[in-house]
Amino acid sequence: MSKKAIHWSGVFPAVSTQFRRDYSLDLDATHAVMKNLVKDGVSGLVVCGSVGENTSLTTEEKLQIIEVAKDAAGGKIPVIAGVAEFTTAFARHMAKEAERVGVDGIMVMPALVYSSKPHETAAHFRSVATATDLPIMVYNNPPIYKNDVTPEILATLADCDNIVCFKDSSGDTRRFIDLRNAVGDRFVLFAGLDDVVVESIAVGAEGWISGMSNAFPREGETLFRLAKQQRYDEAMALYRWFMPLLHLDARPDLVQCIKLCEALLGRGSEVTRPPRLALEGDTRAQVVAVVEQALATRPQLPDVGL
């Protein structure tokens with residue numbers, strides 16, 4: 001399977017997983033969150049990623065979430081499932097299970113906890129790729145997952161036909177250029193950090209896995225399309241308004257921040273599973289103030305064909 005076999009572009013919110021007050025999985029609420037995103041015109045859904053609290057879910061819960069995402073998407077937009085496991089064997093198993101329930105692709109993270117050497121990182125992705133025929137997005141987020149998937153590592157995986165896409169959350173947009181210099185357009189490039197999205201698009205990103213687009217999906221998709229259409233004056237005006245919100249995606253407590261924003265916008269619950277705990281005190285007040293300021297100055301959006 002080559003890059004040409006996928007049509008991933010635009011904004012794919014990293015969808016939050018909804019829990020009840022007792023921390024049990026709320027599939028109906030998760031489905032409603034996804035349906036609202038689809039209705040608002042997002043281009044795809046990423047489930048069981050970092051924002052989806054992947055590592056707080058059982059395998060059975062992950063598969064249930066994939067099923068409700070498929071239903072919510074209704075075949076209109078792709079659904080990509082995160083694969084974040086402690087060992088290569090567990091990741092291979094999860095990839096097979098995701099394929100069995102019929103997801104459109106998987107977003108594979110490096111093996112968690114273990115800080116691997118570059119050749120071990122490459123071997124992990126290569127092994128997962130051989131376990132499935134699904135198209136694979138390699139997910140790099142070194143601040144969170146401690147393993148850095150560099151352009152040099154990714155270039156060694158160019159012969160894996162079903163590794164088709166690279167999501168980078170390092171914040172270093174030079175990497176997209178380095179990767180293009182190394183292997184041309186072999187991999188579809190996706191921005192993974194909200195507060196460098198316009199810069200990422202300028203250097204070749206064709207998509208954006210977005211945290212804050214859970215709360216502001218129309219603004220996210222509009223910003224992305226303005227940048228892709230090189231309407232930079234309009235994009236920058238929207239980006240400046242959006243930036244205080246987008247910064248919330250670049251914090252260690254991004255999941256709590258994003259879910260609080262969803263709750264404030266009436267789009268979901270702020271409940272997270274421990275060890276993630278609810279924001280409190282000054283931290284919570286600061287996030288609420290950012291949202292209130294954004295709502296008070298919410299711009300009229302340019303027409304981008306949404």
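1. Let me begin with the sheet. Eight strands make up an open sheet with parallel pairing, in the order β1-β8-β7-β6-β5-β4-β3-β2. Strands here are DSSP runs of E with at least two residues, helices are runs of H or I with at least four, and both are numbered from the N terminus. Two strands are taken as paired if DSSP finds at least two bridges between them. β1 (10-13) and β2 (45-47) are the edge strands, each with a single partner, so one side of each has no neighbour in the sheet. From one strand to the next, the twist averages 25°.

2. A word on what you are looking at. This is a predicted model, in which local features need pLDDT of at least 70 and side-chain atom pairs count only at pLDDT 80 or more, while totals for chains, interfaces and linings use all residues. Residues are numbered from 1 along each chain as its sequence is written, and side-chain values use heavy atoms, with hydrogens and water left out.

3. β2 pairs with strand β3 (residues 79-83) in the parallel sense over three bridges, and V47 has A81 in β3 as its bridge partner. In the loop between β2 and α2 you will find C48, which has a positive phi of about 60° although it is not a glycine.

4. Now the overall picture. The chain has twelve helices and eight strands, and its C-alpha trace spans about 50 × 45 × 35 Å along the principal axes. The radius of gyration is 18 Å, which agrees with the value near 19 Å that a compact globule of 306 residues would have. This radius is taken over C-alpha atoms, and the globule rule is 2.2 Å times the number of residues to the power 0.38.

5. Helix α1 (residues 27-39) packs on helix α2 (residues 59-73) at an angle of about 35°, with the axes 9 Å apart. Axes are lines fitted to C-alpha atoms, for helices over the stretch in contact, and angles run from 0 to 180 degrees between N-to-C directions. L27, T30, H31, M34, K35 and V38 in α1 meet Q64, I65, V68, A69, D71, A72 and A73 in α2, where contact means heavy atoms within 4.5 Å. By class, this contact has eight nonpolar, three polar and two charged residues. Ala, Val, Leu, Ile, Met, Phe, Trp, Tyr, Cys and Pro count as nonpolar, Asp, Glu, Lys and Arg as charged, and the others, Gly among them, as polar.

6. How do α9 and α10 cross? The axes of helix α9 (residues 217-228) and helix α10 (residues 232-246) come within 9 Å and cross at roughly 140°. That makes α9 oblique to α10 (under 35 degrees is roughly parallel, over 145 roughly antiparallel, 65 to 115 roughly perpendicular, and the rest oblique). The crossing of α9 and α10 is left-handed. In α9, E219, G220, T222, L223, L226 and A227 meet residues of α10 including Y232, W241 and F242. The contact of α9 with α10 has ten nonpolar, two polar and two charged residues.

7. Finally, helix α11 (residues 254-264) and helix α12 (residues 281-296) cross at roughly 50°, their axes coming within 10 Å. The two are therefore oblique to each other, and the crossing is right-handed. C257, L260, C261 and L264 in α11 meet R284, V287, V288 and V291 in α12, a contact of seven nonpolar, no polar and one charged residue. P275 is in the loop between α11 and α12, and a cis peptide bond with omega of about 20° joins P274 and P275.

Key
Left-handed = near helix turned anticlockwise from the far one by under 90°.
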